[in-house]
Amino acid sequence: MENTGTTLRWGVIGTGNIANTVTRAIKQTDGAILQAVVSRSQTKADDFAAKWGFARAYGNYDDFFDDDTIDAVYIATPHDSHAELSVRAMESGKHVMCEKPAAVNAEQIKVVLETAKRTNRFFMEAVWTRFQPAFNKALELVAQGEIGKVRAFYADFCIDCPQLPGSRLYEPSLAGGALLDVGIYPLMASLSFAKASLNKLDATFRSVAPEAVQSLCRKTETGVDGYDTIALQFPGGMNATITAAINCECGTHFKSARIAGTNGVIHLPEFWYGQQVNIINKDGTLRQQLNFPFEVNGYEYEFAEFHRYIARGLSESPVHPHDDTLFLIEQMDSLRKTWGIVYPFEKPQNTCTVKTASTATDTANVPVTDQKKKAAPEVVIYTDGACSGNPGKGGWGAVILAGTKECRMSGGEKFTTNNRMELMATIQALKRVAAEPSLAGAQVTMITDSQYVKNGIQDWIKKWKSNGWLTGSKEPVKNKDLWKELDEAVSHMNIEWRWVKGHAGNRYNEICDTLATTAAKEQ
């Protein structure tokens, strides 16, 4: 990569797939130093640092943000944490490039952008496509009139990802769904080519705001958008039709963008990371093919630009300015509103903190739901248990989401096991819900990272009871007292059991883990 004129010591937040991908690009960027990585797991951070050559590895965010040797950070965590981590990073004096979408709604983005202005830190949403040579060449060709007056834009980004337990893409609490994950690309591209069709490459997205939008969304069983079809009518005569999906594979041939004009078509294979521009005549023959192979993996261009922006003392990217970030999320907010998709954390929260002993006595005495509401809302419960020594000091944690309220609970025992704490978390959360008259008859979704609890209550307990609480090998069932208590609790409720992978970035699972481990330490 060419010299960018400045040196930046980079920190990376997260150790997943995208973190590995961008780190490869950072490593190849002139003037970039791999300074630190952070994960909620010290082991994962250590392994990641060793793999890529980071100078430091952190197992908690506080120490990472306190590290004054970090100049800039890349946020590579699930969507729901982007805004919070961006704000923390800038308030600790660091410049930020954040994985798209930079937040899950316009309200969050406004806070992020206000923080950037207040702290005088550079912030940029990492929409890597906008910095790639092939994409920008196509924009130039359209603006120059290569295919005449633009009439239509088509783009598809549909992938088939299995709905595995705990999958980020299907998890409402992690802002899952097609729109924010892959739909942002064809939406961004339609706005970009709407500008190009009017020869307004330097304008903002807002200047070509669609005059009309129609859309359809097919939801998944978890309530997020699985397949989206969006039609947009832009000023100047260009209409756009775009699709996005997480449960339907459209194939490489159709994962492309096509811009149709009065004098030909421009075809961009796999447009969001395209390396080729095909100019096609009206009769279908190839007029010209232009190739722009990546130097690294396609992410190098945004990092090179980021370094140049810092060297020039800019406050935002002229290629992807703050208002474009805001306008994109405003459009996605509007689409989700039309589809009736609201993430759990977007609802007004009235958090109560309930710290309990092993008897789970309420000390906060705050109702889980608004007593004025007549209809019981759907209840979602997350639980987790922890134990130091196993057996040893143990704790449990639970988060109850009901209507517009969030309630956090925790408790512990001086000598226990991890499985008992997993059971205790579930029992106490269900008791809490059962104590609320307004939740009578509510549909409860119980989400646990314990296969022991989920399989036990759904499967094993039937055989245990028929065998007189003996296992298949005629041994007494362990934790029989708690299994009986749980069996009694679930007999009065309509419950759907779901398993989520622990320590995999699920926001509420992580909260429960923190509640449980903290409670264990306090014993």
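These questions and answers walk through a predicted model.

Reader: Why is N199 called exposed?
Author: Its relative accessible area is 53%. Exposed means over 50%. N199 is therefore exposed.

Reader: Where is N199 found?
Author: N199 sits in the loop between α7 and β8 (212-219). Its place is just after α7.

Reader: What makes the phi of N199 worth a remark?
Author: Phi is positive there, at about 55 degrees, although N199 is not a glycine.

Reader: Which residue other than glycine has a positive phi near 60 degrees?
Author: That is N479. N479 lies in the loop between α12 (451-466) and α13 (480-490).

Reader: Is N479 buried or exposed?
Author: Buried. Its relative accessibility is 14%. The cut-off for buried is under 20%, so N479 counts as buried.

Reader: And K478, why is that residue called exposed?
Author: K478 has a relative accessible area of 69%. Exposed means over 50%, so the word applies to K478. K478 also has its place in the loop between α12 and α13.

Reader: What does K478 touch, leaving aside its neighbours within four places in sequence?
Author: K478 is in contact with Y452 and W483.

Reader: How far is K478 from L328?
Author: They are 150 residues apart in sequence. In space they are 54 Å apart, C-alpha to C-alpha.

Reader: Why is C217 called partly exposed?
Author: The relative accessible area of C217 is 24%. Buried needs under 20% and exposed needs over 50%. The value for C217 falls in between, so C217 is partly exposed.

Reader: Where is C217, and which residues is C217 in contact with?
Author: C217 lies in strand β8. Its contacts, leaving aside neighbours within four places in sequence, are D225, Y227, D228, W339 and I341. The C-alpha atoms of C217 and T338 are separated by 9.1 Å. Along the chain, C217 and T338 are 121 residues apart.

Reader: Where does α7 have a kink?
Author: The kink is at I184 and is about 50 degrees.

Reader: What makes α7 largely enclosed by the rest of the structure?
Author: Of its 20 residues, 19 are buried. Buried means under 20% relative accessible area. With that count, α7 is largely enclosed.

Reader: How does helix α6 pack against α7?
Author: Helix α6 (residues 133-143) and α7 pack at an angle of about 35 degrees. Their axes are 8 Å apart. The crossing of α6 past α7 is right-handed.

Reader: Which residues make that contact?
Author: From α6 come F135, A138, L139, V142 and A143. From α7 come M188, A189, S192, F193, A196 and S197. The residues of this contact divide into nine nonpolar, two polar and no charged.

Reader: How do α1 and α2 pack?
Author: Helix α1 (residues 17-27) and helix α2 (residues 42-52) pack at an angle of about 35 degrees. Their axes are 11 Å apart. α1 passes α2 in a right-handed crossing.

Reader: Which residues meet between α1 and α2?
Author: A19, N20, T23, R24 and K27 in α1 meet F48, K51 and W52 in α2. These residues divide into three nonpolar, two polar and three charged.

Reader: What makes α11 mostly covered?
Author: 13 of its 17 residues are buried.

Reader: Where are there cis peptide bonds?
Author: One runs from K100 to P101, with omega near -15 degrees. P101 is in the loop between β5 (95-99) and α5 (106-119). Another joins N390 and P391, with omega about 10 degrees. P391 is in the loop between β16 (379-388) and β17 (392-402).

Terms used: Residues are numbered from 1 along each chain as its sequence is written. This is a predicted model: local features need pLDDT of at least 70, side-chain atom pairs count only at pLDDT 80 or more; totals for chains, interfaces and linings use all residues. Side-chain values use heavy atoms; hydrogens and water are left out. The bend at a residue is the angle between axes fitted to the seven residues ending there and the seven starting there. Helices (H or I, at least four residues) and strands (E, at least two) are DSSP runs, numbered from the N terminus. Buried means under 20% relative accessible area, exposed over 50%, partly exposed in between (1.4 Å probe, protein chains only). Axes are lines fitted to C-alpha atoms, for helices over the stretch in contact, and angles run from 0 to 180 degrees between N-to-C directions. A crossing is left-handed if the near helix is turned anticlockwise from the far one by less than a right angle, and right-handed if clockwise. Contact means heavy atoms within 4.5 Å. Ala, Val, Leu, Ile, Met, Phe, Trp, Tyr, Cys and Pro count as nonpolar, Asp, Glu, Lys and Arg as charged, and the others, Gly among them, as polar.
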